[in-house]
Amino acid sequence: MAPRVARRARRRVRGAPPAGARARSAEDWWWDRLAPSGSEYHLLQSDSMLLVLPGPGPARARAHRRAARRAQWLPPPGARAAASKARPRPAPAPQQGPDPGWGDRIPLEILLQIFGLLVAADGPMPFLGRAARVCRRWHEAASHPALWHTVTLSPPLAGRPTKGGAKAIGAKAEEKLLASLEWLMPNRFSQLQKLTLIHWKSQVHPLLKVESTAVVSFLEEVGPRMRKLWLTYSPQTTAILGALLGGCCPQLQVLEVSTGISHNHTPLQLPVEALQKGCPQLQVLRLLNLMWLPKPSGRAVTPGPGFPSLEELCLASPTCNFVSNEALGRLLRSSPNLRLLDLRGCARITPAGLRDLPCQELQQLHLGLYGMSDRLTLAKEGSPLLTQKWCYTLRELDLSGQGFSEKDLEQALAAFSGTAGGSHPALCSLNLRGTRVTPSTVSSVISSCPGLLYLNLESCRCLPRGLKRAYRGPEEVQWCLEQLLTSSPSPS
């Protein structure tokens with residue numbers, strides 16, 4: 001037994017590491033296997049995993065051995081200190097002024113172009129505010145009013161009310177926000193074209209409490225330069241509309257008056273002829289979700305000049321309004337360039353009144369009745385008058401909820417199949433929701449309009465069961481045609 005034990009001891013001594021050497025760990029083994037010398041990889045070890053990452057690795061035991069060998073050739077620290085004292089020190093170099101940096105060497109015109117690209121992509125805030133702190137040249141470029149055309153301002157997240165709603169921003173924060181806005185107006189907003197305030201209504205009440213007299217004074221000052229105006233209908237809107245009727249914005253092109261989400265039951269008094277005289281260059285007129293009461297045309301009222309440049313008229317409302325054929329004729333008496341006519345909710349408008357309009361190239365016509373009772377949508381006649389006049393130019397047609405008879409709708413939609421010269425009609429959207437359209441009429445209009453991309457057949461009583469839905473895209477529209485051709489003619 002003794003010789004065997006001696007041999008084992010000699011083996012252990014022979015395999016033992018030399019004195020002063022560090023024992024090899026699992027990391028050393030992974031380094032030799034996965035990240036050998038010169039492989040440009042290094043290891044990162046944690047409690048439960050080991051990562052092999054590209055890049056030069058940390059100093060390892062091999063580096064420590066190299067440092068030990070280099071230390072043998074270097075003199076001791078005392079000798080190096082004595083040598084450094086004996087060696088003469090060089091004279092200090094003359095101090096130079098601070099380098100202004102490459103930011104100050106860029107011309108102001110180029111900086112404005114660079115900032116303009118960034119502002120066009122992400123807006124002026126917060127980029128311009130941060131860029132102004134870099135140097136004087138950047139501050140001068142960031143302060144240029146040409147970069148502040150469109151601005152969106154929002155209070156900080158800390159200042160917004162919590163779920164309870166009891167804690168709003170304090171008086172100091174409110175004063176700071178108001179002071180910032182008051183400073184921005186004369187120093188940055190001299191060429192401002194669009195200002196959007198987000199989450200300011202519940203925080204900064206004095207900012208939004210603008211009297212109608214101040215708005216009227218503003219319109220009288222900048223009215224000749226104003227092109228677009230959006231208004232939310234309120235009791236103060238009457239004075240603002242009165243200023244428009246007086247001609248304070250003769251170059252106005254877009255006018256929109258709406259009630260927002262909440263419906264306002266207060267009628268809007270807006271004389272047609274006075275609006276035509278005050279805004280003769282109007283191209284877009286939208287009176288949305290409100291009850292418009294046009295002033296009746298008496299014998300003493302002279303016809304207005306009309307809107308020669310009007311291209312879009314929208315009088316959409318979810319409830320029945322008081323717009324009649326006579327009021328619509330006065331409004332569009334001189335509008336031959338009309339392209340979009342939205343009369344959704346206008347139950348008093350008839351096809352005969354639309355036929356007399358001067359516009360000959362109408363592209364979008366919306367006559368849908370939404371939320372109306374069946375007693376208000378009695379059977380009507382005259383829908384062929386619409387399609388026969390605009391069958392070559394109509395791209396979107398909405399007849400949802402209209403009470404036209406089956407035969408009347410068949411004659412109206414047959415106008416799209418009789419285009420002259422073999423050319424296909426331009427119709428791409430057709431809404432027949434809740435109408436009395438028949439399967440044969442739908443099949444005919446789909447076959448005649450290969451460009452049809454949207455077809456709404458919801459709640460159509462005369463169609464087979466399973467086909468009363470909306471179809472989007474040419475594939476679904478063609479599938480509807482195949483189902484209509486193969487299904488039985490009896491509706492359900």
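Helix 17 (residues 406-413) has a buried set made up of Asp408, Leu409, Ala412 and Leu413, where buried means under 20% relative accessible area, exposed over 50% and partly exposed in between (1.4 Å probe, protein chains only). These residues sit on the same side of helix 17 because they cover an arc of only 120° around the axis, the arc being that of the directions from the helix axis to the C-beta atoms. They pack against helix 16 (384-390), strand 14 (429-431) and helix 18 (439-448), with contact taken as heavy atoms within 4.5 Å. Helices (H or I, at least four residues) and strands (E, at least two) are DSSP runs, numbered from the N terminus.

The model is predicted, so local features need pLDDT of at least 70 and side-chain atom pairs count only at pLDDT 80 or more, while totals for chains, interfaces and linings use all residues. Residues are numbered from 1 along each chain as its sequence is written, and side-chain values use heavy atoms, with hydrogens and water left out.

On to the charged pairs. With a salt bridge defined as a side-chain nitrogen of Lys or Arg within 4 Å of a carboxyl oxygen of Asp or Glu, the count comes to 9. One of them joins Glu256 and Arg286 at 3.1 Å, N to O. Glu256 belongs to strand 6 (residues 254-258) and Arg286 to strand 8 (residues 284-288), so this pair ties together parts 30 residues apart in sequence. Glu256 counts as buried, at 15% relative accessibility. Arg286 also forms a salt bridge with Glu312, the closest N and O atoms being 2.9 Å apart. Here the link runs between strand 8 and strand 10 (residues 312-314), with the partners 26 residues apart. Glu312 is buried too, with a relative accessible area of 17%.

A cavity here is a set of points on a 1 Å grid over the protein atoms alone where a 1.4 Å probe fits but cannot get out, and lining residues have an atom within 4 Å of a point. Grid points are joined across faces, edges and corners, and a volume is the space filled by probe spheres set on the points. The largest cavity holds about 50 Å³, and its lining includes Ile349, Lys380, Gln402 and Phe404. The second largest cavity holds about 30 Å³ and is lined by Leu287, Leu290, Trp292, Leu315, Asn321 and Val323.

Conventions. 1 Å grid on protein atoms, 1.4 Å probe; cavity = no way out; pocket = protein on both sides within 12 Å on 5 of 7 lines; lining within 4 Å.
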